[in-house]
Amino acid sequence: MRPSTALLSLEQTPPLSVPLRFFLTAPLFGIAAALLALWLGPEAMGSRWQPGVLAFTHLLTLGFLAMVMFGAMFQLLPVLVGVQLRRPVPTSAAIHLLLSGGTLLLVAAFLSDHNAWFIAAAVVLALALGLFIIVIGHALWQARSTHETVCAMKLAVVALAATLVLGLLLVLANIGSDLAPLRALIDVHLAWGLPGWAGLLLVGVAYQVVPMFQITAEYAPRLRRWFAWAVLLLLIAWSLAFLHLPALAWLPGSGLAAAFVLFAVVTLRLQHKRLRRLPDVTVDFWYLGLACLLLAAGLWLLHQFAPQLIRAQWFHLWWGVLVLIGGAGAVISGMLYKIVPFLIWLHLNNRMQQAGLWQGDIPTMRQVISERSARRHLYLHGAATVLLLAGVAWPTLVFYPALLLLAAAYALQLWNLLGALRIYRAVVQQAVTP
Ligand code: HEM
């Protein structure tokens, strides 16, 4: 399958190593998260405030989600938005190294509760995220494209900057007892990191990749114009209310939940009416992800308006599993199964063209990663999500199988992505051997 690429500036694509180093590292952090939880056991993972849960959360938010999203932005900015990044190879390599190291340091800090680890993690993560925000933010503000994706990406970068500043304040709260009141910022940090940075970026990228790769109609221009701004304003209103007028926080909070419900419903409708009716594992990853996001929004509303119906401790863990693993994790994995085969195809095509060779032997996207192996990953990911949700209520029965499945799902994802790289290398090798 070859997607419609009419709107892309394909000649600007950065070297394959730039996005791939991020995409191949992300599943390793997923595996590390599952193994860490298995090692700590269910007693250490039963409440959102336990160090093990905080370490697990950041292995997934920074190590998996941000890792893939950083790689995707290095790739998409030149191609979708048409801006050239200066020296993308060393810049992306430095950011990748800092993000990987900083995430591991933060995990060590949560688990050891030593100030030195917290300070080291804060410095390295500030460098990683700060450098990314400067490089990508500068490129975005230079962009001449007026597409709504650019606007959503800009606001996502603003949300990432807010998440970083709040994360740094939380580190200060953890190392200095005088600053303990700053811990009230945890939920604000969470909101700017998940619905803010991750949500806005996913929505902005979806405007382009859902119609292009899933052969659907376009998102309505009106929705594209207001959505990202509405999320940003609601986040600001919610943060102010949460900190200063908690009795009113439900209002902007419900607005945020409604915005993401609307996005999920519109996307499901577009996918339902798509022109190409062939089975497509990416669409199924999206179905899983959007269903989990809808459940997370419903759960949040239930917790707001009928908190007596649900144990607070279970609510936080369910919400985390639905958003991080079942929701954003599935959607991002689905996107990778299109973006990576497309990049392999594109780079092979470019290399053949440059060498003046015939391009007819280049594998198609579906040959680069087969539908069957991607689908096995989908089933493992879906089963892990369901078992993790059950494990919140019945940890002694389900905890270990759920996390083993999660580790297996990330391991299979890594295997599939490495398989794509193997095919790339084999084709290049074949082309250069006389
Ligand atoms: C995109 C990036 C990030 C996301 C999505 C994110 C997400 C989260 C979430 C969901 C929580 C709450 C966890 C829970 O309720 O169990 C949290 C807490 C926390 N995060 Fe982050 N985070 C991000 C980046 C960072 C960074 C860069 C730092 C440090 C520089 C950081 C430091 C912290 C700290 C210290 C806590 C609170 C720990 C405590 O005192 O209990 N986070 N984060």
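Colleague: What should I know before I start?
Modeller: The model is predicted: local features need pLDDT of at least 70, side-chain atom pairs count only at pLDDT 80 or more, and totals for chains, interfaces and linings use all residues. Residues are numbered from 1 along each chain as its sequence is written.

Colleague: Which residues touch the most other members of the largest nonpolar core?
Modeller: Val-68, Phe-70, Ala-156, Leu-200, Val-340 and Leu-406 do, in a core of 154 residues. A nonpolar core here is a set of buried Ala, Val, Leu, Ile, Met, Phe, Trp, Tyr and Cys residues joined through C-beta atoms within 7 Å. Buried means that 20 or more other C-beta atoms lie within 10 Å of a residue's own, exposed means 12 or fewer, and partly exposed is in between, with C-beta atoms placed from the backbone.

Colleague: And which helix gives the most to this core?
Modeller: Helix 10, residues 312–354, with 22 residues. Helices (H or I, at least four residues) are DSSP runs numbered from the N terminus.

Colleague: What is Leu-200 in contact with?
Modeller: Leaving aside neighbours within four places in sequence, Leu-200 is in contact with Ala-152, Leu-155, Ala-156, Ala-159, Ala-228 and Val-231. Contact means C-beta atoms, placed from the backbone, within 7 Å.

Colleague: How do the axes of helix 6 and helix 7 cross?
Modeller: At roughly 180°, coming within 11 Å; helix 7 is residues 221–244. The axes are lines fitted to C-alpha atoms, for helices over the stretch in contact, and angles run from 0 to 180 degrees between N-to-C directions. Helix 6 and helix 7 are therefore roughly antiparallel, a label for angles over 145 degrees.

Colleague: What classes of residue make up the contact of helix 6 with helix 7?
Modeller: There are 14 nonpolar, 4 polar and 2 charged residues. Ala, Val, Leu, Ile, Met, Phe, Trp, Tyr, Cys and Pro count as nonpolar, Asp, Glu, Lys and Arg as charged, and the others, Gly among them, as polar.

Colleague: What about helix 1 and helix 2, how do their axes cross?
Modeller: At roughly 170°, and the axes come within 8 Å. Helix 1 and helix 2 are therefore roughly antiparallel too. The contact has 21 nonpolar, 6 polar and no charged residues.

Colleague: Switching to the ligand, which residues come nearest?
Modeller: Arg-48, Thr-61, Gly-167, Leu-170 and Gly-193, of the 27 residues around the ligand. A residue is near if its C-beta atom, placed from the backbone, lies within 6 Å. Helix 2, helix 4, helix 5 and helix 6 each give two or more residues to the shell. By class, the shell has 17 nonpolar, 8 polar and 2 charged residues.

Colleague: Now the loops. What is the phi of Arg-87?
Modeller: Near 45°, a positive value in a residue other than glycine. Most residues other than glycine have a negative phi. Arg-87 lies in the loop between helix 2 and helix 3. With 10 C-beta neighbours inside 10 Å, Arg-87 counts as exposed.

Colleague: And where does Asp-113 lie?
Modeller: In the loop between helix 3 and helix 4. The phi of Asp-113 is near 60°, also positive.

How values were computed: Two residues are in contact if their C-beta atoms, placed from the backbone, lie within 7 Å. Angles under 35 degrees count as roughly parallel, over 145 as roughly antiparallel, 65 to 115 as roughly perpendicular and the rest as oblique.
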